[in-house]
Amino acid sequence: RQALIMQWVEEESKNEKTKVSEKKIQKHKPAEIKSVEDLFMDKANLQKIIEILKSWDIINKDTSWNGLTDKNTEVLSLIDVLREKRYIKKYSQTITVKMFCEKFQLKLSDRSMRSKTQVYYDNISEYQKIIPDLKF
């Protein structure tokens, strides 16, 4: 009986290790994100957001970034408001920012993508006013 219990424990331990390694493999797979459209829960909302940003002159007609200020890092405020209001999925900050920068022809260093400066905090309330809540 003791031997059977030990055999079972060993098998379970091997199964757990296999499950853990499978999870690691899944976690390290690149996300299926090829563009900013893939970040949105409903792709139709992307066009609505673009129209709102154009109406506020945050982006121009070519979808190039103008922003509310002269600081490109304010895009982080926009992203966090879009997450908060459930327009976009929660992927890594770096991937999300890179996709937005690509869409709006912005250039940000990797360090800038992760740092929340005073510009971020100054603009978050502005973007909360500009971006409407989703209606479910």
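These legends accompany several close-up views of a predicted model.

**View 1. Helix 2 and its length.** Let's start with helix 2, which runs over residues 43–55. Its 13 residues, at 1.5 Å a residue, should span 18 Å, and the C-alpha atoms at its ends are 19 Å apart, which agrees. Just past the end of this helix, look for D57, whose phi is positive at about 60°.

View 2. Which residues of helix 2 are buried? They are N45, L46, I49, I50, I52 and L53. Viewed down the helix axis, the buried residues fall within an arc of 165°, so they line one face of helix 2. An α-helix has 3.6 residues a turn, so residues three or four places apart point the same way. Turn to the face directed away from the buried side and you will find the exposed residues K48 and S55. The cover over the buried residues of helix 2 includes helix 3 (75–84), helix 4 (93–103) and helix 6 (118–130).

**View 3. The largest nonpolar core.** Here is the largest nonpolar core, made up of 33 residues. F40, L53, W65, L82, F100 and I131 have the most contacts inside this core. Helix 2, helix 3, helix 4 and helix 6 each supply at least two of the core residues. Helix 3 gives the largest share, with six residues. As a general background, nonpolar side chains tend to be buried together in soluble globular proteins.

**View 4. The surroundings of L82.** L82 is one of the residues with the most contacts inside the largest core. Which residues does L82 touch once its neighbours within four places in sequence are left aside? The contacts are with F40, I49, Y87, I88, F100 and I131.

**View 5. F40 and F100, an aromatic pair.** The count of aromatic pairs comes to three. In the pair shown here, the ring centres of F40 and F100 are 6.4 Å apart and the ring planes are at 35°, so the pair is tilted. F40 sits in the loop between helix 1 (2–28) and helix 2, while F100 belongs to helix 4, so the pair ties together parts that are 60 residues apart in sequence. Are these two residues buried or exposed? Both F40 and F100 are buried.

View 6. W65 and F104 form a tilted aromatic pair, with 5.8 Å from centre to centre and 45° between the planes. W65 is in the loop between helix 2 and helix 3, and F104 is in the loop between helix 4 and helix 5 (110–114), so this pair ties together parts that are 39 residues apart in sequence. Both W65 and F104 are buried.

**View 7. A buried lysine, K85.** K85 is found in the loop between helix 3 and helix 4. With a relative accessible area of 12%, K85 is buried, because buried means under 20%. Where does the side chain of K85 reach? It reaches the backbone oxygen of I131, at 2.5 Å. Apart from neighbours within four places in sequence, K85 is in contact with Q128, I131, P132, D133 and L134.

**View 8. Helix 4 and the residue after it.** Just after helix 4, Q105 has a positive phi of about 50°.

Definitions and conventions. Residues are numbered from 1 along each chain as its sequence is written. This is a predicted model: local features need pLDDT of at least 70, side-chain atom pairs count only at pLDDT 80 or more; totals for chains, interfaces and linings use all residues. Side-chain values use heavy atoms; hydrogens and water are left out. Helices (H or I, at least four residues) and strands (E, at least two) are DSSP runs, numbered from the N terminus. The expected span of a helix is 1.5 Å times one less than its number of residues. Buried means under 20% relative accessible area, exposed over 50%, partly exposed in between (1.4 Å probe, protein chains only). The arc is that of the directions from the helix axis to the C-beta atoms. Contact means heavy atoms within 4.5 Å. A nonpolar core is a set of buried Ala, Val, Leu, Ile, Met, Phe, Trp, Tyr and Cys residues joined through side-chain atoms within 4.5 Å. Rings of Phe, Tyr and Trp (its six-membered ring) pair if their centres lie within 6.5 Å; planes under 30 degrees apart count as stacked, over 60 as edge-to-face and the rest as tilted. A polar contact is a pair of N or O atoms within 3.5 Å; within protein, one must be able to donate a hydrogen and the other to accept it, and residues adjacent in sequence count only if both atoms are side-chain atoms.
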